[in-house]
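Visitor: I'd like a walk through this one, feature by feature. Where shall we start?

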Amino acid sequence: MSARSLACHLGLAIGCLGLAIAALGLGRTAFAPAAILQALAGESPAATRLVVVEWRLPRVAAALCAGAALGMAGALFQTLLRNPLGSPDVIGCDAGAFFGAILALLAGGSVAVVAAGAFSGGLAAGLLVYVAAGSARTAPSRLILIGIAVGAGLSALNDWLIMVAPLDTALVAASWRQGALAGVDPARLVLGIALLAPLLLLGLAGSRSLRTLELGDDKALSLGEPAGRSRLRLGLLGLGLTATATLIAGPVGFVALIAPQAARRLLGSPGLPLTASALFGALFLLASDCVARLAFAPRVLPVGAVTACLGGICFVLLLLGIRRREATP
């Protein structure tokens, strides 16, 4: 690891830690960092512990975990599809995961059943896009366009399910769909963290395979890396990360699109770095949630609205960059 890469990774990790402490102190009742640390250590008054530990800490943890999952998933998909627009939210995987989770929620399933529904829905959406593309070697741009269409259709189905659901379920689902981290379900958060830890480790373990695939299928095969099986394994890993993020925070858009490209520019690396993408995704989603809490205080915006505003700008810039490269002889 180069000095620049090490400095960027340390800077992102320290930024996540510092912003997390700052986020715990934000709100109608503000707390200094010393009071926050005392509350985390269990040495503060009960009222302070209630606000910091029971109300704000789950929200901050959810933002960090979902952001890390989306950042790494975005790096995996964009590398496998060889296109900066190939993130799971663009090609409809998060809409599919939410569709499966909503069906499980309407059926009255437990948190584990909802998690299984999220993974199944994401897998079904990815399979639908793959089948509709017609070939394993189809052009990435065609696959992405099909994914956008599939995602739009699934989003419409999600809206319909929320409209016909019982009122209490519809309110929970509507808030969850917007990426509202306030009042995150503790059971979903705990299960999400338990799922996320091994998925992130598997992602780091697969970084060598990902770097080899960047050289092309023929070169990867000559280096002893079976391209087909590696793509399937890393694709399923990306779907698992997307489903886990959806389980925790709902289908938050544009984090998976922005984080890998921003991390690559920070490190100056030719490929998309998995660890830095996860760290930047966590930092970006937590920062977006802080903006959502402060921009129109005391009214709190859904974090998905903030990421959509920032992500829309980045989406346009990416399209212009792709167009410029294609026009260059």
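This is a predicted model: local features need pLDDT of at least 70, side-chain atom pairs count only at pLDDT 80 or more; totals for chains, interfaces and linings use all residues.

Visitor: What is the phi of Arg82 near?

Guide: Phi of Arg82 is near 55 degrees, a positive value in a residue other than glycine.

Visitor: Which phi does Phe254 have, and where is Phe254 found?

Guide: Phe254 isn't a glycine, yet its phi is positive, at about 75 degrees. Look for Phe254 in the loop between H11 and helix H12 (255-267).

Visitor: On to helix packing. How are two packed helices described?

Guide: You give the angle between their axes and the distance between the axes.

Visitor: At what angle do H6 and H7 pack?

Guide: Helix H6 (residues 140-164) and helix H7 (residues 167-177) pack at about 150 degrees, with axes 9 Å apart. Anything over 145 counts as roughly antiparallel, and therefore H6 is roughly antiparallel to H7. On the H6 side you'll see Ser155, Asn158, Asp159 and Ile162, which meet Ala170, Ala173, Ala174 and Arg177 in H7. The classes here are four nonpolar, two polar and two charged.

Visitor: Now charges. How many salt bridges does the structure hold?

Guide: Three salt bridges. To call one, check for a side-chain nitrogen of Lys or Arg within 4 Å of a carboxyl oxygen of Asp or Glu. One of them joins the side chains of Asp289 and Arg59, at 2.8 Å from N to O.

Visitor: Which parts of the chain does that pair link?

Guide: Distant ones: Asp289 sits in helix H13 (residues 274-294) and Arg59 in helix H3, 230 residues apart.

Visitor: Last stop, the surface. Which residues form the nonpolar patch?

Guide: Phe119, Leu123, Leu232 and Leu236, with about 330 Å² of accessible area together. Helix H5 (111-133) and helix H11 (227-249) are the elements that give two or more residues to the patch. Leu236, for one, lies in helix H11.

Methods. Residues are numbered from 1 along each chain as its sequence is written. Side-chain values use heavy atoms; hydrogens and water are left out. Patches are made of residues with over 30% relative accessible area and no salt bridge: like charges are joined within 9 Å, nonpolar side chains (Val, Leu, Ile, Met, Phe, Trp, Tyr) within 5 Å. Accessible areas come from the Shrake-Rupley method with a 1.4 Å probe; for residues, only the protein chains shown count as cover. Helices (H or I, at least four residues) and strands (E, at least two) are DSSP runs, numbered from the N terminus. Axes are lines fitted to C-alpha atoms, for helices over the stretch in contact, and angles run from 0 to 180 degrees between N-to-C directions. Angles under 35 degrees count as roughly parallel, over 145 as roughly antiparallel, 65 to 115 as roughly perpendicular and the rest as oblique. Contact means heavy atoms within 4.5 Å. Ala, Val, Leu, Ile, Met, Phe, Trp, Tyr, Cys and Pro count as nonpolar, Asp, Glu, Lys and Arg as charged, and the others, Gly among them, as polar.
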